[in-house]
Amino acid sequence: MTTDSNGQLHAPAGTPDGGRFMRHFRRDSDIILEEQAPSEQFHQVTFDTAQLGDEVVDGSTSSGFIAGKNVTDGVQRLILHNGHRVRFDPGAEAASFEVRRRTEPLPYDLTSHDYWANVAAARDPRQSVEVLQEIVDTEAEDDFMLAIVEHPKATPEMLDKASRHNSLQVRDAALNRDELWMETLWRMKRQAEEAATQERELLRAEGVSPNARYREQTIAAYEQHAAKVTQRLAGAAWRD
């Protein structure tokens with residue numbers, strides 16, 4: 001791995017077989033780093049074969065756990081739990097890097113102050129349904145609710161609760177899940193329309209105001225979301 005002036009990690013074109021990797025760690029904590037010899041949990045992967053929950057390592061240094069993937073303008077990026085990114089420059093699709101692949105899910109600790117480690121635990125595809133339910137019942141931040149609506153093990157009940165978050169990003173992501181109840185879709189449509197109406201009323205009441213542009217953008221966002229839900233409902237009705 002190399003780091004550019006913006007702090008982004010860049011995947012190398014290739015790394016030798018073997019190497020070392022580290023156990024889960026938190027910076028500035030009392031958890032001691034322990035080097036381990038390569039084992040069946042150690043993998044050489046590419047962007048396509050990397051999995052959520054994999055720990056990206058570079059020699060004796062852990063960069064973080066993979067919490068998501070992103071492709072923008074042809075540039076591939078791994079999103080790590082601590083906010084770091086691993087960038088794959090155009091033309092380097094075959095670049096490989098080292099990961100430690102856990103056989104057990106990342107631990108979720110409600111008492112921990114390591115926010116992003118808990119978000120990574122919520123995104124871990126190995127995570128148990130029981131822990132996901134605990135997260136839904138106790139967390140309120142959009143990072144957690146987005147992790148839930150995108151988690152393959154999330155139940156319709158979890159999706160319903162997570163999709164009640166104020167974040168339109170979370171609500172939009174929930175629309176990608178086939179498991180959504182029809183009741184959830186109708187509720188999401190109603191909430192979006194009511195929110196748009198409320199913003200219009202505020203816009204009229206405030207008149208010429210520094211908030212006007214913000215109100216207009218918010219109204220448009222709610223209307224777009226309501227339209228997406230309506231389209232999803234129409235598709236569901238057509239399938240029935």
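Helices here are DSSP runs of H or I with at least four residues, strands are runs of E with at least two, and both are numbered from the N terminus. The structure is a predicted model, in which local features need pLDDT of at least 70, side-chain atom pairs count only at pLDDT 80 or more, and totals for chains, interfaces and linings use all residues. Residues are numbered from 1 along each chain as its sequence is written, and side-chain values use heavy atoms, with hydrogens and water left out.

Helix α6 comprises 25 residues (residues 182-206), and at 1.5 Å a residue its span should be 36 Å, in agreement with the 36 Å between its end C-alpha atoms; the expected value is 1.5 Å times one less than the number of residues. Its buried residues (under 20% relative accessible area, against over 50% for exposed and in between for partly exposed; 1.4 Å probe, protein chains only) are Thr184, Leu185, Arg187, Met188, Lys189, Ala192, Ala195, Ala196 and Glu199. Lys189 is counted as buried because its relative accessibility is 17%. Beyond its neighbours within four places in sequence, Lys189 is in contact (heavy atoms within 4.5 Å) with Val229, Thr230 and Leu233.

Strand β6 (residues 55-58) pairs with strand β7 (residues 61-72) in the antiparallel sense over 4 bridges, where pairing requires at least two DSSP bridges between two strands. The hairpin of β6 and β7 has 2 residues between the strands, and Gly59 there takes a positive phi near 65°. Strand β6 is also joined by 3 bridges to strand β10 (residues 97-100), again antiparallel. Val57 stands opposite Ser62 in β7 and opposite Glu98 in β10.
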